[in-house]
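Reader: I've got a model open on my screen. Can you walk me through a few spots in it?

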Amino acid sequence: MRWSLVRGRTRPAVAACAAVAALAATFLVPSASASGAVATRPVAATAQGLAALPAVQPVTDCADVTSLDLDGVTDAPVTITSATVVTTGTAAPYCEVRGTIAPANTLVMRLPVDGWTQRYVQTGCGGLCGSANINYGQASGCPVVEDGTVASATTDMGHQGLNDGSWALDNPQAQIDFAYRGVHVTSQVAKAVIGRFYGQRPAFSYFTGCSDGGREALMEAQRYPDDFDGIAAGAPANNMVVQNTFHHAWNVLTNKDADGNYILLADKLPLIHRAVLDECDALDGVADGILDDPRTCRFDPRTLVCADASTCLTEAQAGVVQRLHDGATDAQGHKLELATAHEWGSELEWTLFVPARQGQTVASENFVTSFTRYLAHTNAANPDFQLSDLKFTLENFWKTVQSSSYLAALDPDLSAFEKSGGKLLLWHGWNDQHISPQGTLAYYDALKKTVGARQADSFAKLYMFPGVAHCGGGNGPNTFDVLTPVMAWAETATEPGRIIASNVTDGTVTRTRPVYPYPAVARYDGTGSVDDASEFVARTPRTSPAPNAYDWVGKRLFSSDYQTWCRAVDGKLVCRPTRTWLTARADAA
């Protein structure tokens, strides 16, 4: 076995993990003494492929955490306001730590008071954040999370309470903290607190998040490649600027007539969904109510047009359905977002932007107004902005994406993260109603082109979950564990394979289905129940179902050139690009 020194501790550069019925494999893992010395010792691997790390006990009392000296840990003062032991409603007792990282990043931590297994897990938050609640999401099934032996933390990313964007007004530092700094400084402080509480820093550190938490995850891999050994990034809002302007605005405006009334209402969505399933459900070999890969579906909503309003669509309604599927364009047909904004098969989730009645304000409209008023155009807040003010033009597109590029996490060059030993698991639900799966597919494609397909596969995997809505839910198998595969990959070099996803009703598993690393898909290959994962095998399609899906106006945003870094100067944001990227903007347009 060859070894390399990564992040100041010994880490395996190459390892193998064999499944042996009676014996567990053995690996060397880091062991840090209180003095900071690093050694290695052999430990067994668990059945899940994790390193069987010895439990560590605290070296100080929980209450003493408030008096820790954290000067110099990060770039700003840290204040620990409370540290109390929590024993009720938990898998195991933990020390709950609360504090602030200046100027206003709330820190919340959970430190096991008995039997810490040397792992740190940081969780992300969604929307525009503003609250600090540890939420493991699709990592809650991870055994070391369930048994309460991991140390964990989260942050509100520099502002409190308000999720409408108004917190950003005249507060450039809060904008920077929300964009990328808050998660980074939280990781620095949390690991320092762990080091003092247990007498040693974590052997392995992880991040897991979905939606904006997925964006936060990719920000970490792109900007701070040494913070985490493994990252699980779900349904990432990494193209945040386009998503919260043109994407969600199109959801609403393309469904309005000349008088401002909605053309399509939610009572038609079950009709459309049933027609999609009738057309495409069996294409994957199993008629089970979900589309294994919606890109193979060639549904035409005009087939539902007829004179009977109770069972059909009007021409105008069919046009809305097609435009919602296709996504935003300008008047000349230039695509202002990736092709396929909403996949076929996801129609029951469209209530996010298709209202139940006239006069209703849908969630998509609120997303656009809150973001565009205060965040879309740097140093140019417009509290009076209305949805109808948004112009679907190439000029406005480039003006918008240039102004707020610091919020996007689209840099596909993860070579520094790979060199640091990091592992990335990307995942997305095909029925996501908030964030198009195409964005994650495009990012993964850009990653492979940037670092090389074989190299990318050595540290990054993508999983696409059929029938799963935004960060969970939906009619597909929507309960699964994305953190354990990342941990096993980082700790014992156990490369992720299939992930078993389940439908659970009233505590009972009603369906299981394997999901394989993209581009492989699950195919029924048995004679038993189609609700049993063991009846399915992996198949890799010979060709992509959508070879030109990533050809849109903003395709060059998936580059290192788009990334910017910002400072707060005299109450304004001053940003500089990682590299100059807009010199050929006219050509790109």
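Reader: Is A376 buried or exposed?
Author: A376 is buried, because its relative accessible area is 0%. Buried means under 20% relative accessible area, exposed over 50%, and partly exposed in between, with a 1.4 Å probe and protein chains only. Bear in mind that this is a predicted model: local features need pLDDT of at least 70, side-chain atom pairs count only at pLDDT 80 or more, and totals for chains, interfaces and linings use all residues. Residues are numbered from 1 along each chain as its sequence is written, and side-chain values use heavy atoms, with hydrogens and water left out.

Reader: Where is A376 found?
Author: In the loop between α7 (363-374) and α8 (394-403). Helices (H or I, at least four residues) and strands (E, at least two) are DSSP runs, numbered from the N terminus.

Reader: And which residues is A376 in contact with, leaving aside its neighbours within four places in sequence?
Author: T245, F371, T400, S403 and S404. Contact means heavy atoms within 4.5 Å. As for M240, its C-alpha atom is 9.5 Å from that of A376, and the two residues are 136 apart along the chain.

Reader: Switching to cavities. How many of 30 Å³ or more?
Author: Four. On a 1 Å grid over the protein atoms alone, a cavity is a set of points where a 1.4 Å probe fits but cannot get out, and lining residues have an atom within 4 Å of a point. Grid points are joined across faces, edges and corners, and a volume is the space filled by probe spheres set on the points.

Reader: What about the largest cavity?
Author: The largest cavity holds about 180 Å³ of space. Its lining has 14 residues, and N239, Q243, E337, S436 and G439 lie nearest the centre. Helix α4 (residues 240-253) gives the most to that lining, three residues.

Reader: How do the residues of that lining divide?
Author: Six nonpolar, seven polar and one charged in the largest cavity. Ala, Val, Leu, Ile, Met, Phe, Trp, Tyr, Cys and Pro count as nonpolar, Asp, Glu, Lys and Arg as charged, and the others, Gly among them, as polar.

Reader: Now the second largest cavity. What volume?
Author: About 110 Å³. The second largest cavity is also lined by 14 residues, with D292, W430, M464, A520 and V521 nearest its centre. Its lining splits into 11 nonpolar, no polar and three charged. Strands β15 (508-515) and β16 (521-524) each supply at least two of the lining residues.

Reader: D292 has a charge. Which residue does D292 meet in a salt bridge?
Author: R523, at 3.2 Å, N to O. D292 lies in the loop between α5 and α6 and R523 in strand β16, so the pair ties together parts 231 residues apart in sequence. D292 counts as buried, at 10% relative accessibility. R523 is partly exposed, at 26%. A salt bridge is a side-chain nitrogen of Lys or Arg within 4 Å of a carboxyl oxygen of Asp or Glu.

Reader: How many salt bridges in the whole structure?
Author: 15. Among them is D288 with R513, whose closest N and O atoms are 3.0 Å apart. That pair links distant parts of the chain, with D288 in the loop between α5 (269-280) and α6 (315-326) and R513 in strand β15, 225 residues apart. Both D288 and R513 are buried.

Reader: And K555 with D551, how many Å, N to O?
Author: 3.1 Å. K555 is partly exposed, with a relative accessible area of 47%. D551 is partly exposed, at 47%. Elsewhere, salt bridges with shared partners join D75, D177 and R181 into one network.

Technical notes. On a 1 Å grid over the protein atoms alone, a cavity is a set of points where a 1.4 Å probe fits but cannot get out, and a pocket is an open set with protein on both sides within 12 Å along at least five of seven lines; lining residues have an atom within 4 Å of a point.
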